[in-house]
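Trainee: I have a new structure on my screen. Can you walk me through it?
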Amino acid sequence: LLCGLRREGCEEPRPEEPPAARADPRPSAGWSAARDYLEILSAWYCSFGRCCESGDCRVLNNITGLELDLTGQLHGQHLASEVIIRAVRGFVQSPRPGKALVLSFHGWSGTGKNFVARMVAGHLYRDGLRSECVRTFVSLFHFPHRKSVDSYKVQLEKQLSETTQLCGQSLFIFDEAEKLHRGLLDAIKPFMAHYDSEGQAGNRRSIFLFLSSVGGNSINEVALDFWRAGRPREEIPLELLEQQLRQELLQPADGGYARSHFLEENLIDFFVPFLPLERRHVRLCARDAFLARGLPYTEAALDEVAKTMVFVPKEEELFSAQGCKAVSHRISYFLP
């Protein structure tokens, strides 16, 4: 590109030329301008292309933006927001973390687990979920056949190892974690463990997010008890829900997630409870859906959207059975 812009200094001198006839080796003003232009072009391309060997040039770690979005866009989840911000901020600001950061998200479908995982990826990496330093696995999609667990295990170990070697900071998201086979959990465990040797330091800059519906009923029961006692959900202590989740995860279950050694070896740093959403939270989700599509809305329209959702238990009709998952598809029925 430089030689295309200016020829001086690009051609090799001919052998028969005397030294005095050769081009001045000192860079001309045109050469310097072209070099500056190339550096600008390279930096611009690097923001879009795969030009960084380590992937670090696209790490943002925008904790302030993450906190703002969790506060403004994640409704009814004060506990989840608080835990995630505290955990992620402490991890990325630590000069030498002793292990990978492991967060386990629990709650009913539609309460925001996947939404938050995408948000974390988007604020830690410029390319979000498309970043080569972010890997997302959905149990039944990526590992559908139990008879192929050995093959899956080899592939998973290879992907985790390659990503941690490529990236100074990596993010791994496991959706439907309760359906992961025990063999796959054994493959993941070494990348989450505590490390003492310098040779394994690369794994310390990894973040693992496990998304699971296990514990959702226990979380909902605590929220319902507080509501029936006339106490606001904001008074629910995190310690109470963590205790409930640990007890449920230790119970025998068909999935390997509950029977893994993650709990016994204290590999999970934080259990993140996602509370069931009430009608007022569904209305806020409907409002966000209207705004995301650039559409006007009225309070009456938000009420109508909320009325189309299913609420439980049958007596109180307090919590949305679907969370906010189906809201964005329902607003089309209420457009003028």
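Mentor: One term before we start: contact means heavy atoms within 4.5 Å. Also keep in mind that this is a predicted model.

Trainee: Okay. Which parts do the buried residues of helix 9 pack against?
Mentor: They pack against strand 1 (101-106), helix 10 (238-249), strand 5 (270-273) and strand 7 (319-320).

Trainee: And which residues of helix 9 are buried?
Mentor: G216, S218, I219, N220, V222, A223, L224 and F226.

Trainee: What span should helix 9 have?
Mentor: Helix 9 covers residues 216-228, which is 13 residues.

Trainee: What follows helix 9?
Mentor: G230 does, and its phi is positive, near 75°.

Trainee: New topic, the core. Which residues touch the most other members of the largest nonpolar core?
Mentor: I84, F208 and F210 do, in a core of 70 residues. Helix 4 (residues 78-93) gives the most to this core, with 9 residues.

Trainee: What does the second core include?
Mentor: It is separate and has 15 residues, among them F290, A306, F311 and V327.

Trainee: Now the rings. How many aromatic pairs does the structure hold?
Mentor: It holds 10. Take F105 and F274: their ring centres are 5.3 Å apart and their planes are at 50°.

Trainee: Why is that pair called tilted?
Mentor: Planes under 30 degrees apart count as stacked and over 60 as edge-to-face, so the rest are tilted. At 50°, F105 and F274 are therefore a tilted pair.

Trainee: Where do F105 and F274 lie?
Mentor: F105 is in strand 1, and F274 is in the loop between strand 5 and helix 12 (279-292). They are 169 residues apart, so the pair links distant parts of the chain. F105 is buried, with a relative accessible area of 0%. F274 counts as buried too, at 0% relative accessibility.

Trainee: What about F210 and F262?
Mentor: Their ring centres are 5.7 Å apart and their planes at 55°, so this pair is tilted. F210 lies in strand 4 (residues 206-212) and F262 in the loop between helix 11 (256-259) and strand 5. The pair ties together parts 52 residues apart in sequence. F210 and F262 are buried.

Trainee: Which residues do ring pairs link into a cluster?
Mentor: F137, F143, Y152, F172, F174, F208, F210 and F262.

Trainee: Last one. What sits over the ring of F311?
Mentor: The charged end of R279, 4.0 Å from the ring centre. The charged end of R205 sits over the ring of F91, 5.6 Å from its centre.

Terms used. Residues numbered from 1 in each chain as written. Predicted model: local features only at pLDDT ≥ 70, side-chain atom pairs only at ≥ 80, totals over all residues. Heavy atoms only, no water. Core = buried A, V, L, I, M, F, W, Y, C linked by side-chain atoms within 4.5 Å. Buried < 20%, exposed > 50% of the residue type's maximum accessible area, 1.4 Å probe, protein only. Helix = DSSP H or I, 4+ residues; strand = E, 2+ residues; numbered from the N terminus. Expected span 1.5 Å × (residues − 1). Phe/Tyr/Trp six-rings, centres within 6.5 Å; stacked < 30°, edge-to-face > 60°. Lys NZ or Arg CZ within 6 Å of the ring centre and 35° of its normal.
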